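This briefing covers the sheet, the ligand site and the backbone of one structure. Please keep the sequence and the 3D view at hand while reading.

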Amino acid sequence: MSKILVTGGLGFIGSHTVVELQNEGYEVVIIDDLSNSSEKVLDGITAITGKTPLFEKLDLKEKAGVEAFFAKHNDIKGVIHFAASKAVGESVQEPLLYYENNISTLVYILKELKKLPEASFIFSSSCTVYGQADELPITENAPVKQAESPYGNTKQIGEEIISDTCNVVPSLKAIALRYFNPVGAHESAAIGELPIGVPQNLVPFITQTAIGLREQLSVFGDDYPTPDGTCIRDYIHVVDLAEAHVVALKRLLEGKNKANYETFNLGTGTGSSVLEVVKSFEKVSGEKLNYKIVGRRAGDIISAYADTNKANDELGWKTKLSLDDAMRSAWKWEQKVRAEQ
Ligand code: UD1
């Protein structure tokens with residue numbers, strides 16, 4: 001079976017994707033610098049799949065290290081590139097760190113892929129490229145808006161770098177996957193999200209509040225023009241998201257792509273408000289969540305959810321899991337993490 005490199009393969013989405021790849025029989029090599037992950041995640045992957053992927057601790061900013069890696073693994077057929085920094089606020093404070101971490105590393109990898117007789121490349125992009133779209137649900141044809149942060153800009157620039165490269169390197173095929181809001185954990189609770197410090201994202205903040213690690217969830221604004229006044233997002237179960245990566249990779253490996261560079265939205269197609277997420281959590285956990293409405297968070301868009309037609313029809317992929325499933329798995333994971341501490 002083909003050998004696939006997964007960068008950032010010990011992270012949240014990366015680890016779930018490694019599981020799905022191994023379940024499909026792919027041979028996986030992980031590169032991770034452990035800056036926002038732990039080597040223990042390998043145990044979780046092994047517990048689920050019965051197989052330990054190869055792992056190389058490497059900082060992709062070290063160009064010579066990237067070259068040496070590809071010289072050693074010259075039989076790699078595809079790369080799924082997750083490794084990147086993703087904290088929006090931090091990116092505003094440290095733009096150069098974000099451009100170096102997210103852009104220079106991408107360039108180094110593409111330079112190596114260019115040397116291979118054939119290569120398939122899957123890029124972690126984000127619905128953040130659309131900003132507040134004028135029309136909902138958001139299709140892949142919605143215009144890319146001026147980025148709100150250096151982090152968002154790295155996703156836009158990253159897509160452009162890949163597209164420009166595919167234009168002139170016929171042996172390279174790529175897909176950018178634009179994720180909506182990934183949440184949840186593997187149903188086994190062997191892997192999940194491990195935020196370092198205070199979580200910025202909604203779902204880990206909810207589960208950490210319910211377990212007693214945080215006092216209260218602040219709901220950022222209830223005066224938006226939405227049915228209950230809170231912002232609306234498209235929360236996609238991380239296992240569904242992981243499966244989409246395998247489907248996208250297969251599309252490239254089997255030559256079923258329609259162009260050398262393609263983009264797909266990955267979402268459920270359903271928008272949920274912050275309060276609906278809280279309600280879903282309370283329902284599946286049986287816990288009462290301590291939350292309070294506070295002011296809006298700067299930079300938040302009102303509403304974003306995916307038009308899933310292109311992914312459904314072209315990729316032949318569909319989400320199977322619900323928001324309740326995601327909240328149930330996130331809660332099971334949180335309980336397991338705290339029990340082990
Ligand atoms: C955020 C980033 C986005 C990034 C994504 C990665 C911002 C403005 N956007 O998306 O660029 O691609 O994470 O996962 O940071 N909320 C609360 N209380 C909280 C946390 C969140 O009410 O403590 C609300 C937010 O206002 C928002 C929703 O929950 O309406 C989801 O927030 P979050 O999980 O941070 O995701 P995004 O803002 O969609």
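Strands β4 (residues 76-81) and β5 (residues 119-126) run parallel and are joined by four bridges. Helices (H or I, at least four residues) and strands (E, at least two) are DSSP runs, numbered from the N terminus. The model is predicted: local features need pLDDT of at least 70 and side-chain atom pairs count only at pLDDT 80 or more, while totals for chains, interfaces and linings use all residues. Residues are numbered from 1 along each chain as its sequence is written, and side-chain values use heavy atoms, with hydrogens and water left out.

**Sheet**

- Ile80 stands opposite Ile122 in β5.
- Helix α6 (residues 150-168) packs on the sheet and touches β5, β6 (172-179) and β11; contact means heavy atoms within 4.5 Å.
- The direction of α6 makes about 155 degrees with that of β5, where axes are lines fitted to C-alpha atoms, for helices over the stretch in contact, and angles run from 0 to 180 degrees between N-to-C directions.
- The open sheet has seven strands in the order β3-β2-β1-β4-β5-β6-β11, with parallel pairing; two strands pair if DSSP finds at least two bridges between them.
- Because β3 (54-57) and β11 (261-266) stand at the edges with a single partner strand each, one side of each has no neighbour in the sheet.
- From one strand to the next, the twist averages 20 degrees.

**Ligand site**

- There are 18 residues around the ligand, and Leu202, Ser218, Arg233, Arg297 and Asp300 come nearest; a residue is near if one of its heavy atoms lies within 4 Å.
- The shell divides into nine nonpolar, six polar and three charged residues, with Ala, Val, Leu, Ile, Met, Phe, Trp, Tyr, Cys and Pro counted as nonpolar, Asp, Glu, Lys and Arg as charged, and the others, Gly among them, as polar.
- Strand β8 (residues 217-220) gives the largest share of this shell, four residues.
- A polar side-chain atom of Arg297 lies 2.7 Å from an oxygen atom of the ligand.
- A polar backbone atom of Phe220 is 2.9 Å from an oxygen atom of the ligand.
- The protein buries 85% of the 740 Å² that the ligand exposes when taken alone; accessible areas come from the Shrake-Rupley method with a 1.4 Å probe.

**Backbone**

- Leu136 and Pro137 are joined by a cis peptide bond with omega of about -5 degrees.
- Pro137 is in the loop between β5 and α6.

Conventions
A polar contact is a pair of N or O atoms within 3.5 Å; within protein, one must be able to donate a hydrogen and the other to accept it, and residues adjacent in sequence count only if both atoms are side-chain atoms.
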